[in-house]
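Here are my notes on the two-chain model you sent over. Have it open while you read, and go through the points in order.

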Amino acid sequence: MSDHAELAQAVREGQRLALARLLSLIENEQPQGEAALTELYPLTGRAYIVGVTGAPGTGKSSLVNELAKTLRAKIYPGLHASRPPAVAIVAVDPTSPFSGGAILGDRIRMRDLAGDAGVFVRSMASRGSLGGLAHTTSSVADALDAAGFEVILIETVGAGQAEVDIARHAHTTLVIESPGMGDDIQAIKAGILEIADLLVVNKADLPGAENAVRVLRAALDLAGNTGGAEARWQVPILQAVATTGQGVPTLVEALLRHREYLQASGLWRERGQQCAAAALEARLRDRLAERWHAAQPDGRYREILARIVRRELSPAAAVQEMLEDEPAPEAAKRHLAARAGARR
Amino acid sequence: MIQPTIRVLIAKPGLDGHDRGAKVIARALRDAGMEVIYTGLRQTPEMIAEAALQEDVHVVGLSILSGAHMALVPRVVELLRAQGQGQVHLFVGGIIPDEDLPKLKALGVEDIFGPGASTQTIAARVRQVAEGRAQSPGP
């Protein structure tokens with residue numbers, strides 16, 4: 001048996017060290033990891049994937065810790081018939097744009113989960129990706145799915161307004177707010193609130209929690225509470241205190257209600273398809289760019305870049321030239337003509 | 001193929017509550033381009049070994065100021081070996097009396113850094129040791 005087949009087999013058997021190795025190989029985009037994941041791929045598509053996102057300091061890690069604890073505390077027949085569901089956590093923290101290093105500190109809040117063989121926590125650095133996840137997060141989730149975890153909680157980097165990639169990679173997206181985070185205009189801006197299937201006001205024991213709930217409710221009412229264009233799901237606004245666990249059982253119930261709703265409405269399949277499309281698209285883009293770079297004569301890329309810096313060439317004309325091997329002025333002219341045509 | 005990023009677990013076993021040193025080291029290794037998993041205070045050897053496994057780290061750094069290193073370090077070494085992670089490199093930082101240095105080295109600790117050790121030296125040493133392993137990755 002080849003290395004990757006052996007590794008895939010070990011992961012299937014539930015060997016945790018093999019799983020950890022596989023996740024590293026995937027993260028480092030090593031061919032052996034991709035090959036093992038290919039072997040395991042038929043086993044994926046079973047886990048319930050929940051995305052947890054929100055601004056830095058709203059309590060994402062603490063809430064993920066409590067969610068996992070609550071899920072592990074009893075049997076949820078929808079997830080597994082005879083035992084509490086196995087829970088995997090993928091926690092993403094930002095990579096420094098200067099050094100390439102990262103401090104992954106989400107485990108600090110997850111110490112309660114130590115010693116539970118039904119839980120697996122993996123920290124990831126975003127490694128230059130900007131959408132709130134790392135580039136390989138969805139493949140890491142696939143591997144955990146194949147390893148038999150019934151629930152996968154993906155915690156994004158502390159998100160601002162536009163880090164919305166998680167919605168394309170999760171069945172349910174949980175957006176965490178905390179009191180005092182902004183006024184009602186913040187709440188009606190596009191972005192992170194739009195992707196919420198569930199909204200949680202964490203730190204609900206602090207002053208201002210009621211107000212935060214009111215502002216969020218008003219924002220959702222303004223938007224018609226459509227929950228990402230899915231009219232029949234009313235996005236609930238829940239309150240929780242992650243440090244004590246208050247409100248968390250209600251939150252788990254709401255998650256499971258959303259899961260049932262997805263399955264009953266056919267959205268479960270649709271979202272699965274969206275995830276697959278996003279993964280395919282990203283991979284295709286990377287491979288095409290890689291192949292293109294490899295096919296270029298030495299120095300051509302740098303030469304074109306230098307012309308752009310000297311303002312002799314626009315980036316649009318440069319891409320045209322690079323892909324079609326036609327001289328840039330022609331490409332630029334045609335580009336302008338096409339734009340003028342479109343305007344008419 | 002990209003060179004695998006060095007992953008380091010910085011942990012504080014035992015009961016002392018002083019984690020400034022651990023944080024300074026975590027920050028220095030981050031600035032040296034490594035991914036540093038920091039687990040916080042009061043970790044048992046079992047918690048540390050479990051985190052090292054799940055995170056598949058190349059290096060574990062233990063910060064110990066309590067004087068309990070001769071109880072804690074052997075236990076961490078034993079657990080790492082038992083779970084098939086004997087190849088993980090171990091560093092210790094903190095207040096360690098001179099007479100214990102050879103004992104820790106004999107257990108397989110790569111290096112011990114006391115007060116005043118420069119963060120550059122530490123980062124360079126961690127990289128050197130980790131890259132010896134990073135050249136032959138995989139199970």
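1. Just past helix 2 of chain B, B:Asp56 adopts a positive phi of about 45°. Helices here are DSSP runs of H or I at least four residues long, strands are E runs of at least two, and both are numbered from the N terminus. Bear in mind that this is a predicted model, where local features need pLDDT of at least 70, side-chain atom pairs count only at pLDDT 80 or more, and totals for chains, interfaces and linings use all residues. Residues count from 1 along each chain as its sequence is written, while chains are lettered from A and ligands numbered from 1 in the order in which they are written.

2. Staying with B:Asp56: it is not a glycine, despite that positive phi. Most residues other than glycine have a negative phi. B:Asp56 sits in the loop between helix 2 and strand 3 of chain B. It counts as buried because it has 22 C-beta neighbours inside 10 Å. (Buried means 20 or more other C-beta atoms within 10 Å of the residue's own, exposed means 12 or fewer, and partly exposed is in between, with C-beta atoms placed from the backbone.)

3. A:Glu29 belongs to the loop between helix 2 and helix 3 (31-40) of chain A.

4. Now helix 2 of chain B itself, residues 45-55. Because 10 of its 11 residues are buried, this helix is largely enclosed by the rest of the structure. Among the buried ones are B:Met47, B:Ile48 and B:Leu53, and also B:Glu50 and B:Glu55. What covers them? The cover includes helix 2 (16-27) and strand 4 (119-125) of chain A, along with strand 1 (7-11), strand 2 (35-38), strand 3 (59-64) and helix 3 (69-82) of chain B.

5. On to the interface: 28 residues of chain B are in contact with 31 residues of chain A, a contact being two C-beta atoms, placed from the backbone, within 7 Å. Helix 1 (20-31), strand 2 and helix 2 of chain B each give two or more residues to chain B's side. Helix 2 of chain B gives the most, with 7 residues.

6. The chains also share strand pairing. Strand 3 (residues 102-104) of chain A runs parallel to strand 2 of chain B, joined by 3 bridges; pairing requires DSSP to find at least two bridges between the strands. Across that pairing, A:Ile103 has B:Val36 as its bridge partner.

7. Chain A carries an open, parallel sheet of 7 strands in the order 4-2-5-1-6-7-8. Its edges are strand 4 and strand 8 (237-239) of chain A, each pairing on one side only. On average, neighbouring strands are turned by 20° against each other, direction ignored; axes are lines fitted to C-alpha atoms, for helices over the stretch in contact, and angles run from 0 to 180 degrees between N-to-C directions.

8. Strand 7 (residues 198-201) and strand 8 of chain A are paired in parallel over 3 bridges, and A:Val201 stands opposite A:Gln239. Helix 7 (residues 209-222) of chain A packs on the sheet, with its direction at about 170° to that of strand 8 of chain A.
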